[in-house]
Amino acid sequence: MSNCFLPVVMCVVFPLVDDITVFIPSNKAFLDLPESTREYWRANPQEYKKQMQYHIVQGLFPTELLVDELLLTTLDEPLLARFNIYNHTKMSDIATYQGSVVSSGNFSAANGIIHLIDQIVDRNRIQSISTINFLESNGTSFSKLSQVIEAARDSKPVKEALSRNNTLFAPNDDAFSKLPGGYFDKLIKDRLHCEALVLAHITQFGTYFTNGIIDGEIIPITGWKYNTTVSKNPEGIRFGNSNALKVNLATTNGVVHEIDTLLISPPEVELGVSQN
């Protein structure tokens, strides 16, 4: 097995640590890196080392022990990595390590197990905070969504949805600005409707990294009242009628995709707004 990642692992980590599982990016993953990234790593070898250590997991994890939504402790502590399995009826299942597709695995090494992945996982995109805290820390983009969540925060269904493993399709402030004038002010005064709006943007089941989902896939939303259909093409990805602006923003309990339009239309939303 030839891979340019391996010498780094052998020199820096393998002689020092036993019982590890390594998710090794392919040669193509390294070749696809922007030259600016390579230059940064050459100038900052400790950052490069931490980046590589994020691909190394404490403990032995053959394929049969890698289950959906498994959180793995990396050598780049305290950062964790999430393993997911996406079941598809028209093609083989897709397994991902923090959103990077696992192409093959169960290779033996002297002190561990090796799996191959198709991309380098950028550790700097990993948030060591929950989804709700991520939104609060990015208030300039999600201030209106945060207000809606706050209005519904005492709701048991919202608490449960936000605390479990989830995917949040997060409308940014520009998405809310598309609503009719005065609509948002009415919305945040109606707790039940805020609850419905929040739940309409959180998945019923777990974490959906974009590399695990396919074009035409239907993703169930909390409570099964809504679904969103995925459209993938070379230009980008859409969830329903909304464009994904930033994807795979990982948190400790899932992933956030920033979208430019609410997943449910204003006429549906208005049904729950109190007319005062």
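Predicted model: local features only at pLDDT ≥ 70, side-chain atom pairs only at ≥ 80, totals over all residues.
Colleague: Is Leu79 buried or exposed?
Modeller: The relative accessibility of Leu79 is 10%. The cut-off for burial is under 20%. Leu79 therefore counts as buried.

Colleague: Which residues is Leu79 in contact with, leaving aside its neighbours within four places in sequence, and how many Å apart are Leu79 and Tyr54, C-alpha to C-alpha?
Modeller: With those neighbours set aside, the contacts of Leu79 are Tyr54, Thr74, Arg123, Ile126 and Ser128. Tyr54 is 25 residues away from Leu79 in sequence. Between their C-alpha atoms the separation is 7.6 Å.

Colleague: What kind of peptide bond joins Glu77 and Pro78?
Modeller: Pro78 is also in the loop between β3 and β4. Omega for the bond between Glu77 and Pro78 is about 10°. The bond is cis.

Colleague: Where does Gln98 lie, and what is its phi?
Modeller: Gln98 sits in the loop between β5 and β6 (100-109). With a relative accessible area of 9%, Gln98 is buried. Gln98 is not a glycine, yet its phi is positive, near 50°.

Colleague: Which strand is the place of Asn248, and is Asn248 buried or exposed?
Modeller: Asn248 belongs to strand β12 (residues 242-251). Its phi is positive, about 60°, although Asn248 is not a glycine. Because its relative accessibility is 18%, and burial means under 20%, Asn248 counts as buried.

Colleague: How far apart are the end C-alpha atoms of helix α6, and where is its kink centred?
Modeller: Helix α6 (residues 139-151) has 13 residues, and a straight helix would reach 18 Å at 1.5 Å a residue. The end C-alpha atoms of α6 are only 16 Å apart. There is a kink of about 40° in this helix, centred on Leu145.

Colleague: Which residues of α6 are buried?
Modeller: An α-helix has 3.6 residues a turn, so residues three or four places apart point the same way. In α6 the buried residues are Phe142, Leu145, Ser146, Val148 and Ile149.

Colleague: Which members of the largest nonpolar core touch the most other members, and what does Phe23 touch?
Modeller: The largest nonpolar core has 61 residues, and those touching the most other members are Phe23, Leu72, Tyr97 and Phe176. Not counting residues up to four places away in sequence, Phe23 touches His55, Val57, Leu66, Leu72, Phe83, Tyr97, Val102, His115 and Ile117.

Colleague: What percentage of the contacts in the protein chain with a separation of 6 or more comes from residues 24 or more positions apart?
Modeller: The protein chain has 11 helices and 13 strands. Buried residues make up 48% of its 276 residues. Of the contacts with a separation of 6 or more, the share from residues 24 or more positions apart is 59%.

Colleague: Where is confidence lowest, and over which residues is the pLDDT below 50?
Modeller: The mean pLDDT of the protein chain is 88, and 89% of its residues reach 70 or more. Confidence is highest in strand β5 (residues 94-97), at 98, and lowest in helix α1 (residues 6-12), at a mean of 48. A stretch with 10 contacts beyond near neighbours in sequence has a pLDDT below 50: residues 271-276.

Notes
Residues numbered from 1 in each chain as written. Heavy atoms only, no water. Core = buried A, V, L, I, M, F, W, Y, C linked by side-chain atoms within 4.5 Å. Buried < 20%, exposed > 50% of the residue type's maximum accessible area, 1.4 Å probe, protein only. Contact = heavy atoms within 4.5 Å. Helix = DSSP H or I, 4+ residues; strand = E, 2+ residues; numbered from the N terminus. Expected span 1.5 Å × (residues − 1). Bend = angle between axes of the 7 residues up to and from the residue. pLDDT = per-residue confidence, 0-100.
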